[in-house]
Structures are given as C-alpha cells and as structure tokens.
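Please keep the sequence and the model in view while reading.

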Amino acid sequence: MVFTSPTPVTGNSSPSTLGKVYHVLAGKLFDSVSKKLISNQVITVDRDSGIILRVLDLTEFRSSTESRRWVDNGTEEEIIDLTHLTILPGFVDTHVHLFLHSYAETSWTDQLTKESLPERTLRAGVHARKTLMAGFTTVRDLGTEGAEDADIALRKCLAVLPGKKEPIIPGPRYYCAGRAIVSTGSYGPKSSLFPSKNVIEGVTGAEAADGVDECIKTVRKQVGAGADWIKIYADYRIRSRLSDVSLEMAGTSSALFNKAELEAMITTAHNLGVKVAAHANNSEVMEQLLDLGVDSIEHGGNLFDDSRGTALIKKWAESGGKTVWVPTLAVFSSLERLGFQMSESWDGVKRGFQKAVEVGGVKGAKPGGKGIRVACGGDTGAFPHGENGLEMVLMRKLGVDWTTVLSLGTLGGWECCRGMEWEGEKGRERLEAVEANVAAPKESEKSRLERGVPFGAVRKGWAGDLVGVEGALNQDVANFERAIMHGVNFVMKGGAIYKMDGKEIIQ
C-alpha cells in the first residue's frame, strides 16, 4: 500500500464539517447492490464519523478542480492507494458464537463445564479480533452457550461508546442474543449422574421456558437484559439420551415448542421491536415458523427430503421474503469432518441447498417478490474463528455465482442483522434520510456506527467498512477460495484501519 499526496477532488459534502478524510483508491470495487465490479473508484471516508462521504470515479477525482475547497477549508486528507486490490464492503457473519471455540480443540460440554466464565470471556475477545482480521466487520452472535449474559458486556467493549473515538478492544460490530431459549429437558450440558438434570455445576447452555406465559416472560427478560435478537431453539435433539440404544432416534430433531408457544415468543419480541432467530432443521417446524413470520431460520438441514420433495422450498420462495435463511453450511461440513453423527448429514444439507438454488432461487434482496432470502452465517465457533469466510466458499462450491455470494456476505448481512427500526416504510424513509444527509456527523457521534448507520454496501452515508482482497474473485472456485480465505490484505471498520498490507494495525 502506498500513501501519496492528495489530489484535490470535487466535494459534495459541506467542507466546513470535515476534519480528516481518507481517499481510498480502489482498482476494483464490488458494488453489493448491483452485484458488479466497478474499476478505478475513489471512496472518501470521514475518519472522525466513520461514514462514507462519497464514491467517485478515479479519473474524475484526479481531474476535478472544485475540490480545492476541501484543502482550503483545512481538511486533512490522506490517500490510500489500494489499486492493486479488490475493495468490498466489510463482510458480515450472521451466525457466530464468540464464546465457543473449535470443537476440534475442546468439546462443547467441556467448554461449558471446564472453562471458567473469565476464561471464556477473554477467549471471546481474542475471537473478535481474529474475526475482524479476516475481514468481517459485523457479526450476529446467537447465544453465549452457558456464558450467561457476558455478550452484553462484550458488546460494550467492542462498540464505539458515546463521546469516544474508538472501542475498548478491536473486533466487529456486534449484535447479540444473550441466552437462547429452549424447552425443559431439551438442551445441555446433561449430567451423567442425574439424567433428569440439564445442568452441571450450575451451568446451563440456554434458558428453559415452558407454556405461553413462561415463554412471554423469558422473551421480556432477554430483551430487558439488552439482547439485540431473541434466539429460539424451535427444534433440537431432545431424545439424545437414547444414544446408547439408537443413534438415529438420539440424533433426530424434534419440535421443542407448540405453535402457541412459538407465536407468543415471536409476537412478544416483535411488539418490543426485537427480531427473532430460530434454530430449526425439522421441515414441519420450519413450515410453522414461516407461517408465524419468524425473522430468520438457522440451519434448515432438512429443507429438502424425498417424502416432501421441494414443497417447502417452493413455499418459502413464494412467501414474500419475510424470513431470511442462514444455512450454516460451514458447521455441517466441519462437524462431518470431525466425525459427528447427526440426522442432518452433510450430503443431505448439500442436496437441500442445491435444490433451493435450483428451485427457489437464493437472493439477498429486500423483502417482496419470489426467492429465498439468504444471508451468510457459518455457526462460527464450532469451527475456528477467523475462518468465517468458509460459508461463502461453500456457497460458491455448491453453485451460487460469485457476485451473489459476495452480495449475500455483505448487503445480505445488513438486511438480516439490522433492527426492526430499519424495516418497512419507516425503515426506507430512515435509510433515505441517512443517505441524503451529506454533512458528516460530529466526531462525538461516532457511536452512531453501532446501530444508527447502515453497512454492507459502499454508499454515501453508509458505514466506512471496507475490505481489500488480493486475488481473482471473479474466476474459478479455487481462486475465489484463495482470495476469501487467504487474500484479505486490508480492513477498515468505521473509518479506522485495522489491517494494512496484510498486517494488523494496533490502534
């Protein structure tokens, strides 16, 4: 990367509001909205607010005469020459567990019962940094898995707090769900000495709720604790104790809640302005969740089977795009390699995803129209943090074209993670207002980057989250994989540079 003397540029922002700006020169820029690569662009980012001020053609940038007023008004400019890289919006992983680490290192049960909460929290901070260095500037964490409410404190450490210029520790923008909600008897860790207890030394992997009233109360409790999302295990392997006599029965996902309980949780959360993510692999449970308008379905391992064929895929594709699918291909693939026995086999998951691509069509577009809205989320944590890009690579291997994959991994992440305040007509008005407000916010307002600014596209008014990648994203699968998994050379989150020339920048 080369720094050069700034060339005056045409300004469409009020120069009196500007203090310091970066002009990022992009040899190629991926537009996640149009799904196109655009050559020779300049992205101007306000360093104090962390917001993109404009995107301009490089030729126009160099030939402009009006931009002298940027310099005349005391703006401090710095040019970052990344013309040798492809620039993209920061990647988004919509399903992580920062309080877990790879099951190849330590089993889920041992992590919950043998690693203290301070250890797991310190590990989570390390995982956050690794995630950012891999180019992922935003994540959605769907459950602390026994680490109680520690994600709320971690979010505070990762956020730019009001009046501050930078976070306490480096990491991605962090949406969290607190404690996932399960029914009694369904989750773990399960005691070997006392089979009826789903707790070991006071540790539970999720919070149990039974009956409509308890389900409503638990959702309110989670929202009150500060959760961005509510996570429900709509099905799970509740009969896992049968593994001694039947691995098939032990590994089968069964419904954990009846329809009234599910509806109560979803409705309560929505009334409080909070979205709901549901773990589901059972096809009947998924259909019920679609009918109830859940915001995202995680996994979907049995989306296609021989008995029902493509009926569920077609229903989802014609449902209007309310519910986002996060297929978590990466975790199915990773656990298969580790020898885990699951009713949702990797071969079955692959077949279901390919049928969805073929029959239903996958998209990252706004709600409405036909097709299944998809976002990239790997269930990262069961496999190593920093390898978050595996989900995009697997989608590419299973037949999705590279432009769609990149859009799903950026803009699709925004459309999944964003709060309910960004949805519907009011959400569109809010977005238009953000894009129309050309003047940069005051430096003290950088905290707006957490929830008040859109991300996932390189657009005026959007968050200055940028990733620079070496390699050919637009060629074959092998080149795509190499670029995503090993080619992240530059990372900017909210106007702050965290990685340059492939090396971490200590803030």
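At 44% relative accessibility, Lys397 is partly exposed, a class that lies between buried (under 20% relative accessible area) and exposed (over 50%), computed with a 1.4 Å probe on protein chains only. Its partner in a salt bridge is Glu481, with 3.5 Å from N to O; a salt bridge here is a side-chain nitrogen of Lys or Arg within 4 Å of a carboxyl oxygen of Asp or Glu. Lys397 belongs to helix α13 (residues 390-397) and Glu481 to helix α18 (residues 477-486), so that the pair links distant parts of the chain, 84 residues apart. Helices (H or I, at least four residues) and strands (E, at least two) are DSSP runs, numbered from the N terminus. Glu481 is also partly exposed, at 28% relative accessibility.

The model is predicted: local features need pLDDT of at least 70 and side-chain atom pairs count only at pLDDT 80 or more, while totals for chains, interfaces and linings use all residues. Residues are numbered from 1 along each chain as its sequence is written, and side-chain values use heavy atoms, with hydrogens and water left out.

Side chains of opposite charge can pair when their charged atoms come close. Over the whole structure, a search finds 22 salt bridges. One of them joins Arg140 to Glu298, whose closest N and O atoms are 2.9 Å apart. This pair also connects distant parts of the chain, with Arg140 in strand β7 (residues 136-141) and Glu298 in strand β15 (residues 296-299), 158 residues apart. Is this pair buried or exposed? Arg140 is buried, with a relative accessible area of 0%, and Glu298 is likewise buried at 0%.

A further salt bridge is formed by Asp149 and Arg179, with 3.1 Å between the closest N and O atoms. Asp149 lies in the loop between β7 and α5 (150-158), and Arg179 in the loop between β8 (173-176) and β9 (181-182); the pair therefore ties together parts that are 30 residues apart in sequence. Asp149 is partly exposed, with a relative accessible area of 33%, and Arg179 is partly exposed at 26%.

Helix α5 has its own set of buried residues: Ala150, Asp151, Ile152, Leu154, Arg155 and Leu158. The elements that cover them include α4 (117-133), β8, α6 (211-225), α17 (448-451) and β20 (488-493), where contact means heavy atoms within 4.5 Å.
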